[in-house]
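Please look at the structure below before reading on.

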Amino acid sequence: EDFLVDFHLYHSSDQRLMGMLGFANGSAEPIYIHRAALLSPQGGLITDFLHDGDGFAYFAGLSTKITVVEEPQRALVWPPRTWQPGEFPPIPGSFQAGTYTLEIHYGSEGEHQAGEYRTLRINNHLYYDLTGNPHSGNGY
């Protein structure tokens, strides 16, 4: 794989989702990232980490190598051979244990110009008990 996503989801004791999100481009060409949507276990949209709360500016601010393009649609331009982790702000709400999905829409410059993106889905199971400890459920 030339493009990898690092995604971790946690539940706080005050009923918020928290986590980390990072991207790695191992290719020799830039990758254009158009969407990073978090989906509930039922498939509903919780948030898009790029489009909501100006995640584009957040990721571009982590490294001078990461840029944002506006045309033909807004996207992060992830430079070749670059890995950058980040954190996303807490998401308020009441969230249940279950499998949450991160859906990334990304592509090459040509795919971006054509508005045709590849889709990568990553599942992350959220374990939760009344202590709020994300590592206390089954499998940990």
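Contact here means heavy atoms within 4.5 Å. The model is predicted, so local features need pLDDT of at least 70 and side-chain atom pairs count only at pLDDT 80 or more, while totals for chains, interfaces and linings use all residues. Residues are numbered from 1 along each chain as its sequence is written, and side-chain values use heavy atoms, with hydrogens and water left out.

**Residue Q113**

Leaving aside neighbours within four places in sequence, Q113 is in contact with E71 and P72. Q113 sits in helix α2, residues 109–114. Helices (H or I, at least four residues) and strands (E, at least two) are DSSP runs, numbered from the N terminus. Relative accessible area sorts residues into buried (under 20%), exposed (over 50%) and partly exposed (in between), using a 1.4 Å probe and protein chains only. Q113 counts as partly exposed because its relative accessibility is 48%. Between Q113 and Y32 there are 81 residues in sequence, but their C-alpha atoms are 9.7 Å apart in space.

**Aromatic rings**

A pair of aromatic rings is described by the distance of the centres and the angle of the planes. Rings of Phe, Tyr and Trp (its six-membered ring) pair if their centres lie within 6.5 Å; planes under 30 degrees apart count as stacked, over 60 as edge-to-face and the rest as tilted. The whole structure has 7 aromatic pairs. Two of these are set out in the table.

| Pair | Centre to centre | Angle between planes | Type |
|---|---|---|---|
| F49 and F88 | 4.3 Å | 35 degrees | tilted |
| F59 and W78 | 6.0 Å | 65 degrees | edge-to-face |

F49 is in the loop between β4 (45–48) and α1 (55–62), and F88 is in strand β8 (residues 87–92), so this pair links distant parts of the chain, 39 residues apart. F49 and F88 are both buried. F59 belongs to helix α1 and W78 to strand β6 (residues 75–78), so their pair ties together parts 19 residues apart in sequence. F59 is buried, with a relative accessible area of 2%, and W78 is buried at 0%. Ring pairs also link F59 and W78 with F3, F23, Y58 and Y106 into a cluster.

**Strand β9**

Strand β9 (residues 98–107) is mostly covered, with 9 of its 10 residues buried. Two strands pair if DSSP finds at least two bridges between them. Strand β3 (residues 31–39) pairs with β9 in the antiparallel sense over 7 bridges, and L39 stands opposite T101 in β9. Strand β10 (residues 118–126) is joined to β9 by 9 bridges, and the two run antiparallel. Here T101 stands opposite N123 in β10.
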